[in-house]
Amino acid sequence: MLFVEDLDVKGKTVFVRVDFNVPLTDKGEIRNDTRIRASLPTINYLLGKSAKLVLASHLGRPKGKIDPKMSLKPVAKRLAELIGRDVIMASDIVGEEVNKLKSGLKEGDVLLLENVRFHAGETTNDPEFSKKLAEGIDYFVNDAFGSSHRALASVVGITNYVKKSAAGYLMKKEIEYLRKALFSPAKPYVAILGGAKVEDKIPVIENLLNKADTILIGGAMAYTFFKAQGFGTGKSLVEPDKIEIAQKILALAKEKKVRFILPLDNVLAASIESGQVAQIVDSFPFPQDLMGVDIGPKTVARYAEIIAKAKTIVWNGPLGVFETPAFAQGTLEIAQAVAASGALSIVGGGDSIAAVEKAGVSQKITHISTGGGASLEFLANETLPGIEALEKK
Ligand code: ADP
Ligand code: MG
């Protein structure tokens with residue numbers, strides 16, 4: 001795979017797929033510009049090398065139609081402030097007008113295309129649309145890791161119609177850390193998996209069973225694993241149609257001699273909305289009218305002990321309903337433990353990142369993966385369509 005530094009970009013028109021999918025307020029103002037900032041190393045590098053830049057991103061889900069509320073115009077303004085130069089905003093993504101803007105670019109100019117999802121061809125990876133995206137383009141750079149788990153025209157299709165394709169800085173960093181966790185982890189290797197749904201995480205658990213020494217389970221998915229062993233879990237969130245696969249995973253862990261640890265005690269509540277702890281229990285069955293909302297103190301202590309000895313940690317999914325203060329303790333204490341471990345730590349997933357930020361320890365995490373779905377898919381499949389597209393040339 002080529003890296004952006006491998007390209008000789010002076011005077012060349014370079015199409016950079018970035019992730020400018022920022023949260024907007026009702027008034028269309030940018031609420032958080034982290035994603036724009038994350039692309040600056042690649043953008044500034046290319047500008048420093050006198051390339052002509054064409055930037056493309058999606059924003060929201062306009063479903064193939066123009067929706068002014070999802071225009072990238074506010075992003076153009078913010079980006080111009082951040083890079084200290086003008087950003088030319090295109091009114092479309094492809095077509096004659098856009099091609100005129102592309103061919104008028106001078107070295108160091110920046111053109112931002114409109115939301116690529118305004119055209120249906122983006123999500124269908126349509127060859128015609130991909131070809132049009134590549135009109136007037138010399139090189140393609142992918143710096144949108146978070147979009148690289150889908151075969152999109154601006155991620156995959158376009159690579160068929162340019163001279164060279166390469167990874168940007170953000171993309172490279174994501175791939176390096178996740179590959180480290182997959183192919184050369186220092187041991188002991190601990191995976192912490194939580195969150196709401198087992199379903200989302202099954203392929204990740206299955207693959208990590210081949211890699212990790214210990215898997216610590218928390219969150220709602222723990223209750224599907226308990227149910228799979230015949231325990232009464234009261235009103236806890238359980239996915240009945242995933243019980244069989246949960247049983248398979250438990251058997252597989254035993255066979256592969258991976259420690260697969262479920263909570264030793266659980267914080268129970270009448271409901272999430274109640275916002276109040278009803279009981280903390282270390283046995284089954286749970287009372288019929290209560291549900292598990294967090295891991296208990298014994299679990300925190302046990303997990304923290306294991307985390308302290310780890311050399312590599314991968315964490316996805318909060319261990320409880322951390323959005324509610326009374327049910328956040330387990331997740332926050334585990335975040336502290338991961339931060340204090342000194343291990344190479346990788347945290348992925350929107351809610352998990354929010355939890356680490358809430359705990360105030362994001363600075364102490366080795367790598368916070370920007371792509372929620374993409375990092376999960378990478379941990380499960382060890383590659384992504386967007387990465388394969390960069391590797392084939
Ligand atoms: P991520 O975004 O990090 O991948 P998920 O989206 O998989 O994480 O899961 C996060 C959600 O799981 C949170 O909204 C949290 O409230 C919920 N959750 C965690 N534990 C429980 C539980 N015991 N019962 C219900 N929901 C839970
Ligand atoms: Mg989530």
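Predicted model: local features only at pLDDT ≥ 70, side-chain atom pairs only at ≥ 80, totals over all residues.
**Close-up 1. The shell of residues around ligand 1.** There are 19 residues around ligand 1, and those that come nearest are Lys201, Gly292, Glu323, Asp351 and Ser352. Sorted by class, this shell has seven nonpolar, nine polar and three charged residues. Strand β12, residues 291-295, and helix α12, residues 350-358, each supply at least two residues of the shell, and α12 gives the most, with three residues.

**Close-up 2. The open sheet that contains β7 and β13.** Six strands form this open sheet in the order β9-β8-β7-β13-β14-β15, with parallel pairing. At its edges are β9 (259-261) and β15 (367-369), each of which pairs on one side only. From one strand to the next, the twist averages 15°. Helix α10, made of residues 297-309, packs on the sheet and touches β7, β8 (214-217), β9 and β13, and its direction makes about 150° with that of β8. Within the sheet, strand β7 (residues 189-193) and strand β13 (residues 312-316) pair in the parallel sense over five bridges, and Tyr189 stands opposite Thr312 in β13.

**Close-up 3. The open sheet that contains β1 and β2.** A further view shows an open sheet of six strands in the order β3-β4-β2-β1-β5-β6, again with parallel pairing. The edge positions belong to β3 (88-89) and β6 (164-167), each with a single partner strand, so one side of each is left without a neighbour in the sheet. Helix α2, which spans residues 40-48, packs on this sheet and touches β1 (13-17), β2, β4 (110-112) and β5, with a direction that makes about 160° with that of β2. Strand β5, residues 139-142, runs parallel to β6 and is joined to β6 by four bridges; in β6, Ser165 is the bridge partner of Phe140.

**Close-up 4. The surroundings of Lys52.** Lys52 is found in strand β2.

Close-up 5. Most residues other than glycine have a negative phi, and most peptide bonds are trans. In this model, a cis peptide bond joins Lys187 and Pro188, with omega at about 0°, and Pro188 lies in the loop between α6 (169-183) and β7. Another cis peptide bond joins Phe284 and Pro285, where omega is about -5°; Pro285 is found in the loop between β11 (279-281) and β12. Lys63, although it is not a glycine, has a positive phi of about 55°, and Lys63 is found in the loop between β2 (52-56) and α3 (73-83).

Conventions: Residues numbered from 1 in each chain as written. Chains lettered and ligands numbered in written order. Heavy atoms only, no water. Near = heavy atom within 4 Å. Nonpolar A, V, L, I, M, F, W, Y, C, P; charged D, E, K, R; others polar. Pairing = 2+ DSSP bridges. Axes fitted to C-alpha atoms, helices over the stretch in contact; angles between N-to-C directions. Contact = heavy atoms within 4.5 Å.
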